[in-house]
Amino acid sequence: MRFVRRYLVPRLIQYVLVICLGITVVFFIPRLMPTDPVERVISALEAQGGYLDPAALEETILTLRETYGLEEGLFKQYISFWGRLFTLDFGPSLFMFPVPVFDLIRTALPWTAGLLFVSLLLGWTIGNILGGLTGYFRQSRILKIFDGMVMLVRPIPYYIMALLLIIFFAYLLPIFPIGGGYTVGYKIAFTWRFVGSVLKHAFLPLLSLTLLNAAFRHQTMRLLVQTVRDEDFIHYAKIGNVKERTIFSRYVLRNAILPQITGLAMSLGMIFGGALITEIVFSYPGIGHLLYRAIVNGDFNLIMGITTISIVAIATGILVIDFLYPLFDPRIRLK
Amino acid sequence: MKILKTLRELCRDRQFGLGAVMLLVLAVLTLLTLFSPYDPTEWRVVAHDLPPSWGHLLGTSSLGQDVFWRMTFALRNSVALALFASVISRVIAVTVGLVAGYSGGVVDRVLMFFSDGLLVIPLLLIIMLLAVLVERLSLTSLALLLGTISWAWAARRIRSQILTLREREFTYTAILSRTPTRKLIFNEYFPFIIPLVLSGFISTMIWVVGMEIALAFIGLTDLSIPTLGAMIKWATSYQAMLLGYWWWLAAPVGISIFLFVALYLVSVGISEYLDPRARMQRVGAK
């Protein structure tokens with residue numbers, strides 16, 4: 001029970017507070033703007049020209065006025081904004097009228113979630129193993145060179161890496177498709193052909209995210225291992241003739257990995273923004289690509305929907321990973 | 001002379017040395033803009049789509065611009081943007097960190113709640129929301145915007161530093177001898193904070209340059225001003241890769257990676273020189 005009170009409850013309160021803060025910021029941004037967002041969106045639409053279904057326009061203006069209009073008091077607007085979030089009703093999308101915004105997000109979300117989690121876990125695992133090795137075997141020549149290479153990769157943003165991979169793979173090694181989520185014309189189904197196509201298309205986006213994620217983990221892990229391996233119990237283990245491999249995997253890694261698990265949760269939020277742009281670079285059919293199309297078409301309903309849902313989704317993802325933490329650290333359970 | 005000595009000591013570190021040389025190269029490139037034979041905003045000043053040659057070191061683009069000269073302007077503007085935004089961000093970070101750390105209590109909790117929020121909320125989305133509403137972001141408003149939201153991490157670190165300083169002996173002595181708070185903060189605390197500010201300054205620069213590229217790529221910044229992001233955006237929207245004009249895209253991508261690596265190496269060198277224990281925080285910073 002103490003575990004629940006000391007760990008679970010404060011963490012849940014923090015979760016709710018963060019979402020409240022995020023949603024409030026999103027609510028106030030259009031209202032603090034010097035220009036009227038509704039007029040701004042409509043004028044942008046008219047400037048684009050082209051044919052717009054009058055019914056679509058009417059409906060959009062209605063939802064826009066309702067969401068951002070200043071007819072009611074601010075407090076009432078705020079309450080109805082939250083109401084929209086709970087009913088998942090963000091109005092219809094404009095450029096794909098009359099599909100509801102939420103339906104568009106729901107089809108795009110699995111693509112992003114898959115990309116994000118696979119690259120997060122892969123990068124985390126690879127980075128931790130390699131970082132652990134370089135931290136523990138400090139004398140190794142090869143690992144030192146490797147460490148230098150990591151230094152060069154580490155500061156590059158995800159989407160720049162994506163562009164670099166495109167330049168590289170489009171010219172020198174044209175074996176992977178550089179755009180899309182699956183071969184055009186394939187039906188979405190659980191067949192070998194479709195899954196294979198998805199994997200092939202996901203390879204480059206995945207590679208760019210995983211590489212950088214692994215480089216980041218590598219560096220933190222190397223430093224963590226370096227501090228652990230100098231501790232007394234490691235010296236005793238060595239004197240006590242415990243096998244080197246056992247020391248490395250059971251004693252050093254097990255202790256150094258704990259901060260990395262907390263880091264895993266934090267990096268989910270950090271990687272998210274970068275992953276969105278990476279999706280745009282590869283025209284990968286996830287949330288990022290959807291957001292791009294929404295911005296290009298001035299679809300404000302869709303932009304708001306994606307922003308609010310992403311804030312909730314990221315906070316929830318971090319919460320879930322945080323709750324897994326006690327499984328790995330017995331000290332938290334005992335506290 | 002003290003500066004020179006510090007610099008010499010810093011250069012003994014191989015990472016810092018390499019980074020400094022790279023930054024020097026970049027500085028020369030930005031200074032070259034003064035001698036540019038072409039106006040970077042003009043289109044169709046040279047022949048289209050030429051591959052790299054002696055006449056055009058990095059070829060020409062489909063817009064009829066010399067890629068090399070345009071790149072120097074882009075680099076200059078992006079670096080200026082990063083410097084400006086990072087200064088704003090540091091000013092806010094120091095203020096928030098000082099106030100939160102020194103006053104404690106409710107003020108501290110409120111300020112830290114906001115900075116935690118900034119760390120967890122996907123910032124890119126918030127920036128996009130703002131950018132969509134103000135039409136195309138000019139360089140100045142972009143700097144202001146990025147500066148005002150990137151202080152959270154640094155503010156946290158400064159606050160925790162102040163928290164430990166406040167419990168030190170000399171603080172009590174100062175308070176008992178009625179030293180004004182302002183004097184205590186500026187004369188006694190600042191020397192401890194400056195290293196934190198410096199190492200964070202460069203990582204914020206990296207973040208700002210990256211953010212500019214991201215926003216330009218989505219088309220939310222003013223693309224008529226040559227920046228690294230605008231250049232990448234033009235190249236990709238003219239399908240430079242599909243048409244085989246790889247130099248057009250490779251030049252801005254290459255130079256921005258060069259910039260990121262140079263800044264990163266220098267920041268690593270500085271923080272290791274200032275405080276070997278800062279290594280842990282360094283890798284954790286954005």
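Biologist: Is A:Asp147 buried or exposed?
Modeller: This is a predicted model, so the answer rests on computed values. Buried means under 20% relative accessible area. A:Asp147 has a relative accessible area of 14%, so the residue counts as buried.

Biologist: Which side chain meets A:Asp147 in a salt bridge?
Modeller: Side chains of opposite charge can pair when their charged atoms come close. Here the N to O distance is 2.6 Å. A:Asp147 lies in helix α6 of chain A and its partner in helix α8 of chain A, so the pair ties together parts that are 75 residues apart in sequence. The partner, buried at 16% relative accessibility, is A:Arg222.

Biologist: How many residues apart are A:Asp103 and A:Arg106 in helix α5 of chain A?
Modeller: These two form a salt bridge, with the closest N and O atoms 3.3 Å apart. A:Asp103 is partly exposed, at 31% relative accessibility. Both residues sit in helix α5 (residues 101-136) of chain A, and they are separated by about one helical turn because their spacing is 3 residues.

Biologist: In chain B, which residue forms a salt bridge with B:Arg159?
Modeller: B:Arg159 is in helix α7 (residues 152-166) of chain B, and the other residue is in helix α4 (residues 105-120) of chain B, so the pair ties together parts that are 51 residues apart in sequence. Both residues are buried. The closest N and O atoms are 2.6 Å apart, and the partner is B:Asp108.

Biologist: How many salt bridges are there between chain A and chain B?
Modeller: Over all chains the count comes to 3 salt bridges. Between chain A and chain B there are 3 residue pairs in polar contact. For salt bridges between chain A and chain B, the count is 0.

Biologist: How much area do chain A and chain B bury between them?
Modeller: The size of an interface is often given as the accessible area lost when the parts come together. In this model, 49 residues of chain A are in contact with 49 residues of chain B. Carbon and sulfur atoms carry 85% of the buried area, which comes to about 4500 Å².

Biologist: By class, how many nonpolar residues are on the side of chain A that touches chain B?
Modeller: Elements giving two or more residues to that side include α1 (2-32), α8 (192-228) and α10 (244-281) of chain A. By class, the side has 2 charged and 7 polar residues, and the nonpolar count is 40.

Key: Residues are numbered from 1 along each chain as its sequence is written. Chains are lettered from A and ligands numbered from 1 in the order in which they are written. This is a predicted model: local features need pLDDT of at least 70, side-chain atom pairs count only at pLDDT 80 or more; totals for chains, interfaces and linings use all residues. Side-chain values use heavy atoms; hydrogens and water are left out. Contact means heavy atoms within 4.5 Å. Buried area is the accessible area (1.4 Å probe) that two parts lose on being put together, summed over both. A salt bridge is a side-chain nitrogen of Lys or Arg within 4 Å of a carboxyl oxygen of Asp or Glu. A polar contact is a pair of N or O atoms within 3.5 Å; within protein, one must be able to donate a hydrogen and the other to accept it, and residues adjacent in sequence count only if both atoms are side-chain atoms. Helices (H or I, at least four residues) and strands (E, at least two) are DSSP runs, numbered from the N terminus. Ala, Val, Leu, Ile, Met, Phe, Trp, Tyr, Cys and Pro count as nonpolar, Asp, Glu, Lys and Arg as charged, and the others, Gly among them, as polar. Buried means under 20% relative accessible area, exposed over 50%, partly exposed in between (1.4 Å probe, protein chains only).
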